[in-house]
Amino acid sequence: MSDSQDAERISKLAKKNAWTTGLLTFFFLPIGYIYTGRYKALFKGFGIFVLIMVLSFMLEDDDEFFDLVAGLYVVGATIENVRAVNQAKKLNGGLKQNNSANLPSDNNVELKLLKLIKRNREVTLADCVIETSLSSQQVRETLEEMMKQQLITIDNRESDGSIVYRLI
């Protein structure tokens, strides 16, 4: 998914009411996930629930066990769905701040990245995005400019082949 699609999805989720999400998810599980538009999470959770039920029927024939697992699933799904809404609200607030605030100057971003690389010896693009709070495209462009200036170099990490940036 692109950054704009992620931002739009987070924005939509952040508009949902956490109490409504919790009540719908707890009493009408699928409706709670439909309300939040989190269909993947609904299907993943339902798949795990079915797998647990199949295993429980194979292991023992106990209705109390089934009720316990179903209850735990409903409580867990409710907590997870409400938490997703609250997390989206936090992220959406951060996105609004980043859009409205003055973004750091290019030199400041480069300085942050150089300090990060010096501190960690090698960093990935994700490390740089986390450090600067900028989009991956903005960070990638900054890193490419820093390579042109011969401040850093790009390489592959031997252990896992990940692309990393190092000081020259």
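The legends below describe close-up views of a predicted model.

**View 1. Helix α8 and its span.** Helix α8 covers residues 136-148 and has 13 residues; helices are DSSP runs of H or I with at least four residues, numbered from the N terminus. From first C-alpha to last, α8 reaches 18 Å, close to the 18 Å expected at 1.5 Å a residue, where the expected span is 1.5 Å times one less than the number of residues. Q150, with a positive phi near 60°, follows α8.

View 2. V139, T142, L143 and M146 of α8 are buried (under 20% relative accessible area; exposed is over 50%; 1.4 Å probe, protein chains only). These residues lie on the same side of α8 because they cover an arc of only 100° around the axis, taken from the directions from the helix axis to the C-beta atoms. Q137 and K148, on the other side of α8, are exposed.

**View 3. Y33 in helix α3.** Y33 belongs to helix α3, residues 29-36. Y33 is buried, its relative accessible area being 3%. G22 is 11 residues from Y33 in sequence, and the C-alpha atoms of the two are 9.8 Å apart.

**View 4. Surroundings of Y33.** Leaving aside neighbours within four places in sequence, Y33 is in contact with T25, R38, A41, L42, A77, E80 and N81 (heavy atoms within 4.5 Å). The side chains of Y33 and E80 are joined by a polar contact of 2.7 Å, that is, a pair of N or O atoms within 3.5 Å, one able to donate a hydrogen and the other to accept it.

**Notes.** Residues are numbered from 1 along each chain as its sequence is written. Local features need pLDDT of at least 70 and side-chain atom pairs count only at pLDDT 80 or more, while totals for chains, interfaces and linings use all residues; side-chain values use heavy atoms, leaving out hydrogens and water.

Definitions and conventions: Helices (H or I, at least four residues) and strands (E, at least two) are DSSP runs, numbered from the N terminus.
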